[in-house]
Amino acid sequence: MKLLILLVVVVGIVALAQLARVYELSAKLRKRREEDISHADHRLNASLFIVFMLVFYASVAYLYVAYGDYLPVSASEHGVGVDSLMNINIIIITVVFFLVNTLLFVFAAKYYYKKDRKAKFFPHDNKLEMIWTVIPSIVLAGLIIFGLRTWNDMTGEASDEAMVIEIYSKQFDWTARYPGSNAEFGLSNYNLITSNNPLGIVTNEGIAESLAELDASIEKLDNEVRYERGVLLSQKAKYEKELKNLKNHGGHGHAEHAEGDEAHADEHTHHGMSEEQLLAEIAKIDEMLTSDLVSVLSETALEAKKDKLYRLKRHKQRVLDIEDFDFSDAQSLSAWEAGKDDKIVKGEFHLPIGKEVEFVFRSRDVIHSAYMPHFRAQMNCVPGVPTRFKMTPTITTDSMRTIMDNPEFDYVLLCNKVCGSAHFNMQMKVIVESQEDYDNWLNEQKTFFVEEVKEEAAPEVPAAPVVEGEPTASIN
Ligand SMILES: [Cu+2]
């Protein structure tokens with residue numbers, strides 16, 4: 001079938017070429033030069049300009065109707081402003097579009113070439129220059145001022161009553177965090193990220209868990225490196241050589257300074273190990289060689305493991321550094337305590353209707369973009385730099401289902417930055433509901449590390465105010 005279409009296209013092109021050739025030949029026969037174009041040809045081209053313009057306008061009008069409002073009414077307070085800004089822009093663009101294209105095509109059609117018509121020489125006009133400089137400047141300035149005001153609406157300071165939610169992005173999903181009863185987020189540190197602590201929230205339990213995980217990995221890797229057959233054999237050979245030297249020189253040989261040398265040179269004047277110590281070391285290696293842990297690694301693999309071991313130990317040191325946190329400062333202490341009752345949710349998050357909510361965005365790996373089209377909201381999530389905006393939802397999920405006449409409808413948070421292979425699937429459901437339903441839902445959500453929090457620990461958490469301008473303090 002495809003071949004057939006191709007064949008038809010090729011035959012068509014050949015036919016056209018032949019037609020052109022016939023035309024050229026007949027023109028020659030009629031003693032007409034090729035570049036002489038008749039008045040009828042000019043008129044035909046002029047009317048074709050008008051035809052093209054009308055078809056062009058019709059297709060643009062179709063696109064406006066078919067795709068003009070792909071989103072329902074805005075479900076947030078500031079979204080109304082975003083929509084009117086968008087509408088004003090579209091109206092201006094549409095007017096300019098029709099004006100410019102009409103001038104372009106109608107002029108081309110009207111002033112087609114005529115033998116007896118002479119063009120007017122019109123090189124410059126100050127008044128015209130002024131008009132098409134000043135009018136666009138005023139319109140653009142107006143748009144920018146309007147746009148900045150709308151932008152400030154979304155990114156300005158949130159009111160004191162606003163609730164705060166953290167949206168955490170990583171390849172390829174979203175996690176939402178609600179501060180617990182103390183209305184304050186706990187500190188977070190990426191070094192503490194474990195499977196149970198996906199946001200790396202700083203708590204004593206989180207640190208303990210992270211250290212336990214690191215210790216297990218370090219031990220496993222350390223064994224792999226220590227029990228490598230080649231390493232063991234070369235170590236053994238070194239000890240055997242030393243032992244031989246010791247025997248040959250009657251205890252005065254210059255044995256190499258061996259690792260793990262803690263011997264007091266009682267019988268010897270040099271720093272080498274005694275014969276008994278060397279024999280003990282060799283016996284130890286012999287025993288290790290019979291262990292199940294012994295493996296054979298290539299030099300590259302061994303180097304890679306050593307490198308990984310080094311990095312794990314460095315990671316562990318960083319976690320240990322967190323423990324040296326300064327507790328003398330009351331505010332730091334409360335930030336340290338604050339993480340325990342944070343609530344972490346995946347899959348969907350809820351918002352109460354009519355309540356201002358401040359979003360704080362973080363990213364673990366690459367730049368993502370939190371996009372909530374129905375709320376006309378979008379913000380980049382940048383690794384290492386918390387970003388934020390605020391909004392007030394105005395339509396519940398249920399009402400929006402009625403408005404859209406779609407009982408399946410749900411608000412959604414999407415990633416709007418191509419961030420990797422599963423980017424398309426990076427989304428989270430957003431539910432807007434009454435304050436009561438929201439409270440019930442939040443109460444059902446598990447508290448972070450709830451099982452470890454001792455009951456008497458709860459009153460100790462002071463109701464400290466949120467550190468201003470620092471919704472997610474980070475100590476790294
Ligand atoms: Cu993404």
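I began with the sheet: five strands form an open one, in the order β4-β10-β9-β6-β7, with mixed pairing. Strands (E, at least two residues) and helices (H or I, at least four) are DSSP runs numbered from the N terminus, and two strands pair if DSSP finds at least two bridges between them. β4 (348–352) and β7 (377–381) are the edge strands with a single partner each, so one side of each has no neighbour in the sheet. Neighbouring strands are turned by 25° against each other on average, direction ignored.

The model is predicted: local features need pLDDT of at least 70, side-chain atom pairs count only at pLDDT 80 or more, and totals for chains, interfaces and linings use all residues. Residues are numbered from 1 along each chain as its sequence is written.

I then checked β6 (residues 368–372), which is antiparallel to β7 and joined to it by five bridges. H368 has C381 of β7 as its bridge partner.

Next I looked for a helix on the sheet and found α11 (residues 435–444), which touches β4 and β10 (427–433). Its direction makes about 140° with that of β4; axes are lines fitted to C-alpha atoms, for helices over the stretch in contact, and angles run from 0 to 180 degrees between N-to-C directions. Contact requires C-beta atoms, placed from the backbone, within 7 Å.

Which residues of α6 are buried? I noted Y239, E242, L243 and L246 (buried: 20 or more other C-beta atoms within 10 Å of the residue's own, placed from the backbone; exposed: 12 or fewer; partly exposed in between). Seen down the axis of α6, they fall within an arc of 100°, so they line one face; the arc is that of the directions from the helix axis to the C-beta atoms. They pack against α7 (275–289). L233, S234, A237 and N248 are exposed on the other side of α6.

Technical notes
Contact = placed C-beta atoms within 7 Å.
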